[in-house]
Amino acid sequence: MSEQILEVFNVLNFLNHGYDLDDILAQGNFGTFSSAQECISYLVEEGYLEGEVPVSKDSEEITAEEISKKYTVAQLKEILKENGLKVSGKKAELVERVLPVLNNDAEPSGLDVFVEKEESYDLELTDKAQEFLKENEWIDLYMFALVAFRFEDYRTYYEGSSEDSVTTALNFCDEVISRALVANQFIVFIDALSAKAHVYAYDGDYDSFMDYDLQRFILGLNPIVLDPQTYASYEIINRANVENLKNVLEKLEMGSLKKRFDKIWVKSHIKNTTVPKKTSYKTLLKAIEGADLEELNFDLRVKYFDKKFGV
């Protein structure tokens with residue numbers, strides 16, 4: 001169960017928030033489960049879901065009797081015709097002829113009209129599932145803010161903390177930031193800044209979210225250190241970072257962006273500037289106003305970064 005707790009939580013949590021199970025399963029990502037059917041079977045067997053589970057046609061061959069009941073003679077002939085097979089004979093003969101076609105997953109153009117490929121689930125969360133979600137509600141915060149870090153690492157940290165989930169997540173980010181600075185792991189450092197911003201957003205503190213995501217933008221343009229290998233794939237302006245800033249600025253009244261930028265620039269303690277402060281702010285405005293980020297990144301790389309960090 002330990003290696004499956006994350007995907008189990010995700011499926012149950014989405015269901016609990018009103019998503020349809022069919023939509024969740026359509027995403028096609030079941031973690032340690034090999035298929036949607038295996039995932040659902042596990043949740044039902046463990047008592048997390050109750051209701052009707054359809055029989056999977058992927059593992060069970062359709063029988064001649066089922067075909068005879070499901071299809072008319074005309075429909076059977078159309079399937080056979082689509083597959084280049086003989087269409088004459090009695091219905092029993094047509095059924096026998098079409099049997100291997102359907103069971104071998106052949107898909108003539110008209111087949112989807114007659115065969116229902118999708119399975120529909122009518123399942124509900126049990127009391128056990130609700131208890132599971134309550135006991136593991138900290139995973140929701142992990143999924144929202146901390147997915148850049150290994151789940152097992154954060155799980156161990158959380159289980160050893162006596163603080164509430166938000167404070168624990170913030171402390172975790174601070175520890176990652178401290179270790180990354182000591183080890184000169186700049187990418188880990190800015191990932192942790194972004195994670196900390198999202199923890200604040202999860203808690204509804206959008207002022208702090210704005211400050212930390214803005215700091216991530218500023219330091220993205222003014223990295224503390226970059227080795228040649230890291231620089232080769234380095235994204236100076238991060239698209240997700242810009243979208244986060246843009247969304248908050250559009251939806252909330254955040255006051256003067258210039259004053260906030262100046263405050264965070266000072267807080268960032270930039271000792272070795274790569275992109276000057278004035279240019280960094282102008283770049284921020286261009287980015288959130290919808291400029292082409294690839295072009296902005298290219299221009300910054302050529303003008304400021306290649307000479308300093310390039311090979």
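**Exercise 1. State which residues Ser194 contacts, leaving aside its neighbours within four places in sequence.**

Solution. Contact means heavy atoms within 4.5 Å. Under that rule, and with neighbours within four places in sequence left aside, Ser194 is in contact with Asp213 and Arg216. Helices are DSSP runs of H or I with at least four residues, strands are runs of E with at least two, and both are numbered from the N terminus. Last, its burial: the relative accessible area of Ser194 is 19%, so the residue is buried. The cut-offs are under 20% relative accessible area for buried, over 50% for exposed and partly exposed in between, with a 1.4 Å probe and protein chains only.

The model is predicted: local features need pLDDT of at least 70, side-chain atom pairs count only at pLDDT 80 or more, and totals for chains, interfaces and linings use all residues. Residues are numbered from 1 along each chain as its sequence is written, and side-chain values use heavy atoms, with hydrogens and water left out.

**Exercise 2. Describe the surroundings of Ile5.**

Solution. Start with the location: Ile5 lies in helix α1. Its relative accessibility is 6%, so Ile5 counts as buried. Not counting residues up to four places away in sequence, Ile5 touches Phe132, Asn136, Ile139, Phe151 and Arg155. Of these, take Asn136: Ile5 and Asn136 are 131 residues apart along the chain, and their C-alpha atoms are separated by 9.0 Å.

**Exercise 3. Characterise the packing of α1 against α9.**

Solution. Two packed helices are described by the angle between their axes and the distance between the axes. For α1 (residues 5-16) and α9 (residues 138-145), the angle is about 95° and the axes are 10 Å apart. That makes α1 roughly perpendicular to α9. The class covers angles of 65 to 115 degrees; under 35 counts as roughly parallel, over 145 as roughly antiparallel and the rest as oblique. The axes are lines fitted to C-alpha atoms over the stretch in contact, and angles run from 0 to 180 degrees between N-to-C directions.

Then list the residues: α1 contributes Ile5, Leu6, Phe9, Asn10 and Asn13, which meet Ile139, Asp140, Tyr142 and Met143 of α9. Sorted by class, this contact has 6 nonpolar, 2 polar and 1 charged residues. Here Ala, Val, Leu, Ile, Met, Phe, Trp, Tyr, Cys and Pro count as nonpolar, Asp, Glu, Lys and Arg as charged, and the others, Gly among them, as polar.

**Exercise 4. Find the buried residues of α10 and say what they pack against.**

Solution. Helix α10 (residues 151-159) has Phe151, Tyr154 and Arg155 buried. Viewed down the axis of α10, they fall within an arc of 105°, so they line one face of the helix. The arc is that of the directions from the helix axis to the C-beta atoms. These buried residues pack against α1, α9 and α11 (165-182).

**Exercise 5. Identify the buried and exposed residues of α5.**

Solution. In α5 (residues 73-82), the buried residues are Leu76, Ile79 and Leu80. They cover an arc of only 100° around the axis, which puts them on the same side of α5. The face turned away from that buried side carries Ala74 and Lys81, both exposed. Just after the helix, Gly84 takes a positive phi of about 70°.

**Exercise 6. Summarise the protein as a whole.**

Solution. The protein has 18 helices and 2 strands. Of its 311 residues, 42% count as buried.
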